Amino acid sequence: MKKILITGATGYVGRKLLKELEKEDYALRCMVRSPKKLKKHVRHTTEIVSADAQDKNSLKMALKGIDVAYYFIHSMGEKADFRELDRKAAINFAEAASEQGVKRIIYLGGLSESREDLSEHLKSRTEVGELLLKHAKGVQILEFRASIVIGSGSLSFEMVRALCERLPMMVTPKWVFAKAQPIAIQDLLIYLFKAIEISLEGNQIFEIGGKDQVSYAEIMQEYNRQRGLKRLMIPIPILTPYLSSLWLGFVTPLYSRVGRKLIESACYDTVVNDHSAESVFGIHPVGIVDAIKVALHKEDIEYGITRWLDEYQTDELRQGWGGVLVDGRIFDTRFVDTSLTPEEAFASIEAIGGSNGWYYGDWMWQIRGAFDRVLGGVGMRRKRPHPHHLKEGDILDFWRVEVLEPNRRLRLHAEMKVPGRAWLEFLVEPSHHKTRIRQTAIYDPLGVMGLLYWYLLYPVHRFVFAGMLRGVVHRANHQHINDLTFERKSPIAVSAENLFEWHTRPGAFERLTPPWEKVELIEKTGGIEEGSKVTLRFPMGLKWVSRHYDLIENRQFCDEQIKGPFVKWLHVHRMLPKTERTSVLEDNIVYRLPLGSIGRALGKKTMQRKLERLFRYRHEVTAQDLKQWHTMERAPMKILLVGSSGLVGSALRPFLLSGGHRVIQLVRHESQLSDDSCLWNPDEGTVNPSDLEGFDAVINLAGENIAKRWSEKVKQRILESRVKSTRLLADTLAHLENPPKVWINASAVGFYGDRGDDLVNEESSLGKGFLAGVCEKWEAATDAAQKAGIRVVHARFGIVITPKGGVLGRVLPIFKMGLGGMIGNGGQYMSWVSIDDLVGILAHLLTTDSLQGAVNVTTPYPISNYDFTKTLGKVLGRPTVLPLPAIAAKLVFGSEMAEEMLLSSTRVQPKKLIDSGYVFRYPKLENALRHLLGK
């Protein structure tokens with residue numbers, strides 16, 4: 001790797017070249033007299049050394065180990081004899097480079113004719129090249145001799161800009177008609193860059209310039225054309241370079257001493273006579289039109305990166321009345337130091353404008369907006385797209401967000417009618433245990449009218465902008481007084497990328513909604529990408545609308561309440577890598593309750609408890625779901641789901657979707673049809689076979705609800721709703737060209753009937769009673785599919801535990817009131833399964849090829865009704881002393897239904913699941929209830 005030294009790295013060309021070289025694979029070292037001046041502008045890999053070209057010993061240390069050195073040192077801005085300083089510097093540098101074994105020096109000199117009456121500046125540039133050749137023994141010298149450099153920030157270009165912008169009529173001395181061959185800064189940088197690696201013999205001098213030979217007058221005319229300025233130029237031959245430099249000091253921001261030397265050099269033609277550089281380097285420089293066009297465009301993109309004023313006018317940039325003029329733009333800067341954090345300060349800045357106001361003198365902003373409308377401008381009616389957050393390109397009243405660096409910088413570009421262009425920038429910088437907020441108004445005036453506009457309105461601007469800055473601090477200090485925060489972190493056994501991807505999938509949101517919350521998803525536009533929205537409905541018609549923002553791929557996404565019960569709600573979801581295969585899920589929330597400090601005092605503890613319940617549940621579900629899907633490692637499946645709107649189906653569908661599977665619903669009514677559903681009518685025995693082609697799996701959960709009083713008609717519907725629909729599916733699937741590999745058909749542990757204390761498993765015989773008969777016929781209805789070679793699984797469900805329905809959903813309100821108790825004598829066994837284990841088991845059945853036939857879907861720990869009652873009471877913190885006698889149950893539910901569903905005892909063991917290696921999430925009832933009820 002070559003080691004490169006850049007001298008003059010704080011100058012215009014040096015700093016531009018440095019940025020280009022930092023993109024390549026070079027070891028870079030910058031030599032400056034004041035390292036502090038450059039330190040914040042370079043990458044951490046770039047070395048900065050302090051050395052002075054007038055001190056040879058310091059140069060030796062700077063040049064140690066260097067292969068190629070760029071020589072950009074000159075003393076044109078010094079008060080002493082700059083030619084003598086340049087001579088000494090060149091000799092010292094050449095000798096030190098020779099002693100340190102430097103292989104090549106690349107020098108940028110000046111293009112000039114060979115004549116004795118040249119300006120001191122041009123003579124010095126030529127002399128430096130000669131001294132390097134003479135004293136750098138054993139070092140190859142490549143010298144580039146260039147004319148005017150055209151680029152935003154170059155000395156020559158800024159002189160042209162200042163004259164054109166500030167003078168509607170220009171007196172033009174003879175020197176403005178001398179011929180030059182301007183080179184665009186981007187072409188000059190290519191020459192300098194290629195000079196590192198190009199293979200050349202001996203010392204070389206190359207004359208370089210742009211495509212066109214033009215005078216300063218022609219350059220100014222082209223600048224005026226591109227800027228839309230009309231300027232009158234009147235030649236005055238008697239104006240000498242000395243008088244011109246004095247006059248230039250009055251009308252431009254240039255330092256008069258530098259300007260004089262520049263004008264003295266401009267009196268001479270500086271054109272290329274030797275064109276060998278173009279062929280040797282293979283470069284075809286652009287002409288003056290493109291050079292100016294690029295310069296004007298570049299200054300908007302990378303303004304402030306490189307400016308000759310950094311080197312020559314540091315002492316003169318102290319702001320006075322009206323701001324400071326730099327490169328034709330006016331800067332009006334003020335700052336304030338606060339005890340706020342950068343995040344707090346920037347949050348206040350980012351919320352400015354729109355309905356939040358401009359923090360000071362809003363009535364003046366409204367007047368300015370109305371005036372703008374009269375002039376045909378946009379006015380103040382556009383507001384802002386989001387109450388608290390912005391992104392680049394957003395509209396903000398009559399501004400537009402041009403640059404946004406979170407917690408650091410916000411730059412607004414004015415779109416109101418002004419004679420020129422205007423920006424307003426806020427910069428937040430940590431400073432000695434404080435935070436400095438810097439506000440800068442930037443104005444690029446268009447001609448004399450632009451300057452008049454700025455200076456006439458400056459008293460108002462100064463008043464308003466100072467008040468605005470105070471307002472930023474005031475809002476930041478007060479807006480967080482009643483803010484509350486919540487944070488939860490949990491380890492997750494998958495990578496941050498997998499964790500993030502899970503959150504992007506359909507179904508993830510539904511999986512994270514706790515079953516105890518009575519919330520309805522009304523609308524969901526998109527996933528978690530920027531701008532997507534979620535609308536929820538809570539009890540009593542309360543709506544919550546949130547919007548996603550600040551998505552960082554594989555790392556975070558955020559959402560914010562737009563409409564809802566909170567004054568403020570900002571939620572950041574982070575997926576932080578821990579190792580290559582593990583991560584940390586982090587939720588951070590900043591929220592504010594209604595009623596200010598009163599709401600905070602009254603509601604803080606309650607809200608914190610609710611959030612703790614909510615996010616404990618969410619993190620547990622996330623960890624468990626991802627652990628299971630990661631363990632399975634199966635390709636995504638196309639699954640047909642029948643009965644998707646039921647208690648189990650409504651939980652299973654989002655679980656499968658969040659696992660990366662595609663789920664198609666088989667629905668009964670045309671009103672339910674969508675892109676992910678197809679139609680059937682089991683009552684009439686109709687289904688389109690082509691709709692069922694190409695599925696990897698089918699899950700059938702359809703069937704009449706059995707939790708009701710049983711009449712003969714109800715019993716007939718219960719039986720037919722299962723057998724008829726299952727037989728239709730079996731017959732249709734058996735005759736498909738591409739049948740599914742697996743079919744999971746729901747059944748129930750009612751198959752075993754009342755067995756008392758006996759422990760039964762999948763090998764146990766059929767029991768007695770109505771439910772046992774239904775299960776037998778239900779399972780037999782799949783025969784056609786089995787004979788066709790489809791792996792059929794009869795999933796015999798136990799009692800499904802979820803507060804959203806079933807047994808727990810029905811008894812929960814009674815137990816919460818303290819009125820719960822055991823049913824009958826309480827000795828009957830209840831074989832149960834939590835809803836989270838149920839959906840996990842169904843996914844296990846899909847992907848475990850060895851499982852077929854009957855599979856008991858229950859936990860390994862059936863529990864008596866008495867123990868169920870006591871456990872539920874314990875979790876709820878309620879007494880359970882009011883039993884429901886058997887006779888009362890029979891009166892309420894009917895004798896047959898009560899006997900088979902409430903008083904019968906079925907003690908089931910899930911032998912096949914255990915043998916196949918399924919790991920239960922909640923094998924014990926208390927843990928399942930605490931998870932599902934948030935206790």
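Seven strands make up an open sheet, with parallel pairing and the order 3-2-1-4-5-6-11. Strands here are DSSP runs of E with at least two residues, helices are runs of H or I with at least four, and both are numbered from the N terminus; two strands pair if DSSP finds at least two bridges between them. At the edges sit strand 3 (47-50) and strand 11 (204-208), each pairing on one side only. From one strand to the next, the twist averages 20 degrees. This is a predicted model, in which local features need pLDDT of at least 70, side-chain atom pairs count only at pLDDT 80 or more, and totals for chains, interfaces and linings use all residues. Residues are numbered from 1 along each chain as its sequence is written, and side-chain values use heavy atoms, leaving out hydrogens and water.

Within this sheet, strand 1 (residues 3-7) and strand 2 (residues 27-32) run parallel and are joined by five bridges. Thr-7 stands opposite Met-31 of strand 2. Helix 3 (residues 56-63) lies across strands 1, 2, 3 and 4, running at about 165 degrees to strand 2. Such angles run from 0 to 180 degrees between N-to-C directions, with axes fitted to C-alpha atoms, for helices over the stretch in contact.

Strand 33 (residues 742-748) runs parallel to strand 35 (residues 791-797), and seven bridges join them; Trp-743 has Val-792 as its bridge partner in strand 35.

Helix 20 (residues 649-658) packs against helix 25 (residues 835-847) at about 55 degrees, with the axes 10 Å apart. The contact (heavy atoms within 4.5 Å) includes Phe-655 of helix 20 and Leu-846 of helix 25.

How far can the model be trusted? Mean pLDDT, the predictor's confidence in each residue from 0 to 100, is 86 for the chain, and 91% of residues reach 70 or more. Over residues 303-317, though, pLDDT is below 50. Where pLDDT is low, the predicted coordinates should not be read in detail.
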